Amino acid sequence: MTIARFWRETPQRYNLGGSRCSSCGSAFFPPRAVCPTCPEHRRSLGKMEPLQLSGEGEVYSFTVVHDPAEGFEMQVPYVLALVKTPEGPILTGQVVDVLPAEVHVGLRVQATFRKLREEGKSGVIHYGYKFAVAREEGREPVAPEGESVPEPRREGPRPART
Amino acid sequence: MRDVAVLGVGQTRFGELWDRSFREIGIEAGFSALTQAKLGSHDLGALYLGNMASGAFLDQEHIAPLILDYAGLAPHHLPGIRVEAGGASGAVALHQAYLAVASGAHDFVMVGGAEKMTDVPEDLQLAITSAAADQEWETVFGATLPALWALIARRHMQEYGTRREDFARMSVLAHEMGSKNPRAHFRNRITLDQVLHAPPVAEPLGMLDCAPSSDGAAALVLGPLELARRYTDTPIRIAASEVACDTLALQHRRDPTTLDATVFAARAAYRRTGWEAKGIRLAEVHDAYSISGLLALEDLGFVEKGAGGSALRDRSFGTGDTLTLNPSGGLKAQGQPFGAVGVAQVVELVEQLRGEAKERQVPGVTRALSHNLGGTGATAAIHLLERVN
């Protein structure tokens, strides 16, 4: 993915900024310019408002990936999930800092800011959200070696050192 | 709109065709179809060519004129139109060709579907085909097509009590059928145990739940039904040709365990013909993944929503069943050259409806359905075919 393509979506991938339709109240992530659920969806143009996701959610479905996506070769096997947020939208993302066998549908998770992948040794590094087990599940999040765990913030994940 | 018939079909063998070029396989399939239809190249009004990713696989775009050129048709200056809809590229090309003949814009047209995938390594094949998913909101986070289908599978298990071995049976069926198909990529039979213990790809899906990447091409010649008798004794009428779309990303679906694009396209096709799912005895469904075959059973209306697992447990869906699935071997065994799949499904069904499918023949069928998907179901294309007596 080119620098411009990735950079354009930075506010959403870093800060979980979605949108809400001011007519019908439907919530979307990533943000949409037009509301697909309004019967007169053309009228929602220009009426979509910013929505900050909390980063909380629960595993709606998951898989353990052994045949990786490009750039994820070093992470195999990794857990990929659909995460349902309390605000409504479902997000696709990795569940990390947990053994694959401990992941189940309904597991409560919290978004965390991480390195996603890098394009070769000298290429662009992509950052964005992954999901860690929520603290109320009774587990302390584990940081990658040599890193500290950032305090979770209600208004959404903030960049942590990766 | 006038009735449209298939006058001729052609198809290459599917597999790792390392000794053959893209243009070679495209021309072989096209000329087979043209010869069978007893038409000359000068009779054709247009070429519609389904192909997903020739640029990524071969560094070659602009392939419709390429195929026309090497078929010797450059001096005729026909319109050549490439159609891309991920794994549904072939059936969507057929849809365009159908509309061109039905509307009267053209009398005779060629539909091609071709993909040359195995010239590049497997990890690159996975990256290229996964671009049919949302690159900005799915694959960037580590998703691949099999991983996304695995998410569908897990949720289906959660909601409906579907067992992992239920959808594994789709692959066993595919290889059983494919063993009789001389064009198939794989002609070996496999057991349920082998599917369950194959190396994992994206759990619960393993290697034998996933159709291969293949090279191959398929072609059809279409014409108006009113002229069809001049060219063939067994014209096959296209009773319905329907395409429907849904959100590109799985995460945005109304219900990730139902492919609404399939439901809508099927509903439109049944409404157009007055046919009902329970009256259809033969279908080629999109089993790119074992779970996608299971979903097709439900979303096409062959079984109730959620009953796909128990249906695969209780029934064979083989030649002896009241519904026979994928006599070609499906995508799993016959092979999966992305842009050719939707066209090849119709090649198989036309041969079945004519009674020319030899060892694979399903006895006494007069109607059939084909179902072709792009991505995780953002595009679904459905064709209903009927033998005209």
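In this predicted model, the centres of domain 1 and domain 2 of chain B, taken over C-alpha atoms, are separated by 23 Å. The domain bounds come from an automatic or database domain assignment, which gives domain 1 as 4-121 + 214-236 and domain 2 as 134-211 + 239-387 of chain B. Residues are numbered from 1 along each chain as its sequence is written, and chains are lettered from A in the order in which they are written. Local features need pLDDT of at least 70 and side-chain atom pairs count only at pLDDT 80 or more, while totals for chains, interfaces and linings use all residues.

Between the two domains of chain B, 35 residues of domain 1 are in contact with 35 residues of domain 2; contact means that the C-beta atoms, placed from the backbone, lie within 7 Å. On the side of domain 1 of chain B that touches domain 2, α4 (89-102) is among the elements that supply at least two residues each. Helices (H or I, at least four residues) and strands (E, at least two) are DSSP runs, numbered from the N terminus.

Chain B also holds an open sheet of ten strands with mixed pairing, in the order β3-β2-β4-β7-β1-β8-β12-β11-β9-β10. Two strands pair if DSSP finds at least two bridges between them. The edge strands, β3 (80-83) and β10 (324-325) of chain B, each pair on one side only. Strands β1 (residues 4-11) and β8 (residues 236-245) of chain B run antiparallel and are joined by three bridges. In this pair, Val4(B) stands opposite Ile238(B) of β8(B).
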